[in-house]
Amino acid sequence: SGAMAAPRSFSAAEVRARCAQGACLVRCRRRLYDLSGFVRLHPGGEQLLRRRAGTDVSAALDGPPHRHSANARRWLEQYYVGEMEPGEEQVPPAAPGCPGSGPCGPVDEKAADAAAQTPRRLDPRCKTVDVEKDLVDWQKPLLWQVGYLGEKYDEWVHQPVDRPIRLFHSDFLESLSKTAWYVVFMVWAPVVLYLSWVSYTSLAQGNTRLFSSFTTEYSIPVHKYYFPFIFLLGMFLWSLLEYLIHRFVFHMKPPASNYYLITLHFLLHGQHHKSPFDSSRLVFPPVPASLVIGFFYGVLQLLLPEVLGLSVFVGGLCGYVIYDMMHYYLHYGSPKKGTYLYGLKAYHVKHHFEHQKSGFGISTRFWDHPFRTLIPEETFEKED
């Protein structure tokens with residue numbers, strides 16, 4: 001769509017017909033949006049959006065249950081398709097399960113009149129990220145451009161867009177930076193199984209002892225049936241590491257004057273915040289991951305007797321695989337309302353769209369409690 005082209009106008013009948021064919025069109029007063037490609041990703045659940053097909057969602061955006069952020073309103077603008085014909089927007093199409101008043105409740109008369117009087121200007125919060133006028137050139141690889149944004153980088157990177165990112169000029173490097181979710185499972189699950197077997201059989205030989213480097217007299221034998229507990233300890237330590245890396249490495253705020261740190265931040269995590277639904281950039285690519293994983297393996301081997309270090313390591317590696325699979329699912333899955341994953345998905349998407357300085361736990365909120373970075377529950381004042 002050309003930037004100067006007049007918006008296309010839609011009749012209520014046309015909107016109804018497209019919704020009946022399975023499209024998910026919603027409107028804010030007279031502006032019409034096609035959310036068909038987004039419904040599965042919606043943190044509030046696909047059904048919630050589908051029930052609102054054809055209706056005015058301007059009141060629903062303010063909640064309850066959820067007050068949508070400025071970023072969410074900007075995000076909505078990416079799906080703008082045109083305007084309702086004048087006079088047509090009063091007729092709510094009867095979407096399945098929607099009574100006449102529409103799911104947003106009774107219309108506030110005064111607000112509706114005020115809206116009619118004000119010229120149809122966009123809510124300043126909704127200024128969409130115009131790809132043509134953006135601070136970077138989206139036709140070229142982004143990695144070498146972002147460092148020049150300086151103090152504009154932090155705000156820019158936290159305004160998410162729904163489009164794929166190209167990082168490198170080189171096709172080879174680009175391919176190493178992208179990964180389908182199942183590759184992580186295929187690469188690391190066999191490693192977890194193999195190393196678990198190695199750890200367990202070594203422990204079964206019965207000559208592993210704790211503290212033997214300090215004292216032979218009081219060293220403690222480690223039996224093979226301790227293995228599951230050591231493995232679980234590794235998983236628990238991973239959950240702490242997940243929190244610490246996400247908070248202190250991925251969310252370090254690079255100094256505006258430092259081109260290289262901004263570039264590094266974008267490579268590690270900024271790209272994921274800029275384009276949170278780029279499906280090839282939601283899990284850690286195995287080639288760079290193996291360097292990090294190798295580093296932690298070395299640290300554990302130095303700190304603990306061989307088999308113990310290996311047993312803790314393999315539990316941690318298992319924790320990492322579960323985390324990466326969950327992270328993918330929190331972006332792309334449609335968990336059922338009321339389930340653990342449904343709550344986690346809403347929590348993680350709030351971290352992306354609104355609370356970037358809190359909510360660092362991904363596979364669990366556990367560590368957000370002691371570190372005081374829990375995203376607050378939303379409260380709504382009772383209306384008189």
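Keep in mind that the model is predicted.

**Stop 1: the sheet**

Select strands S1 to S4. These 4 strands make an open sheet with mixed pairing, in the order S1-S4-S3-S2. Which strands stand at the edges? They are S1 (9-10) and S2 (25-28); each has a single partner strand, so one side of each is left without a neighbour in the sheet.

Now zoom in on S2 and S3. The two strands pair in the antiparallel sense over 4 bridges, and they form a hairpin with 2 residues between them. Click on Arg 29 in the turn, which has a positive phi of about 50 degrees. Across the pair, Val 26 stands opposite Tyr 33, while the bridge partner of Arg 27 in S3 is Leu 32.

Show the side chains of S2 next. Leu 25 and Arg 27 point one way, Val 26 and Cys 28 point the other way, and all are buried. In a regular strand, side chains alternate between the two faces of the sheet.

Move on to S3 (residues 31-34) and S4 (residues 80-84), which run antiparallel and are joined by 3 bridges. Here Leu 32 faces Gly 82 in S4, and Arg 31 has Glu 83 as its bridge partner in S4.

**Stop 2: salt bridges**

There are 12 salt bridges in the structure. Start by selecting Arg 27 together with Asp 56: their side chains meet in a salt bridge (3.7 Å, N to O). Asp 56 sits in the loop between helix H2 (46-51) and helix H3 (70-77), and Arg 27 in strand S2, so this pair links distant parts of the chain, 29 residues apart. Is Arg 27 buried or exposed? Arg 27 is buried, because its relative accessible area is 4% and the cut-off for buried is under 20%.

Next, select Asp 278 and Arg 281. The closest N and O atoms of this salt bridge are 3.5 Å apart, and both residues are buried.

Then go to Glu 378 and Lys 350, whose side chains meet at 3.3 Å, N to O. This pair also links distant parts of the chain: Glu 378 lies in the segment after helix H12 (340-353) and Lys 350 in helix H12, 28 residues apart. Glu 378 is partly exposed, with a relative accessible area of 27%.

**Stop 3: the nonpolar cores**

Select Trp 188, Ile 293, Phe 313, Leu 317 and Tyr 320. Within the largest nonpolar core, of 32 residues, they touch the most other members. Helices H7 (181-204), H8, H10 (286-303) and H11 (306-332) each give two or more residues to this core, and H11 gives the most, with 15 residues. Centre the view on Ile 293: leaving aside neighbours within four places in sequence, Ile 293 is in contact with Trp 188, Phe 313, Leu 317 and Tyr 320. Apart from this core lies another, of 27 residues, among them Val 39, Tyr 79, Met 84 and Val 349.

**Stop 4**

Helix H8 (227-250) and helix H9 (259-274) each give two or more residues to the patch, with the largest share, 3 residues, coming from H9. Val 249 belongs to H8 and is partly exposed, at a relative accessible area of 39%.

How values were computed. Residues numbered from 1 in each chain as written. Predicted model: local features only at pLDDT ≥ 70, side-chain atom pairs only at ≥ 80, totals over all residues. Heavy atoms only, no water. Buried < 20%, exposed > 50% of the residue type's maximum accessible area, 1.4 Å probe, protein only. Core = buried A, V, L, I, M, F, W, Y, C linked by side-chain atoms within 4.5 Å. Contact = heavy atoms within 4.5 Å. Pairing = 2+ DSSP bridges. Salt bridge = Lys/Arg side-chain N within 4 Å of Asp/Glu carboxyl O.
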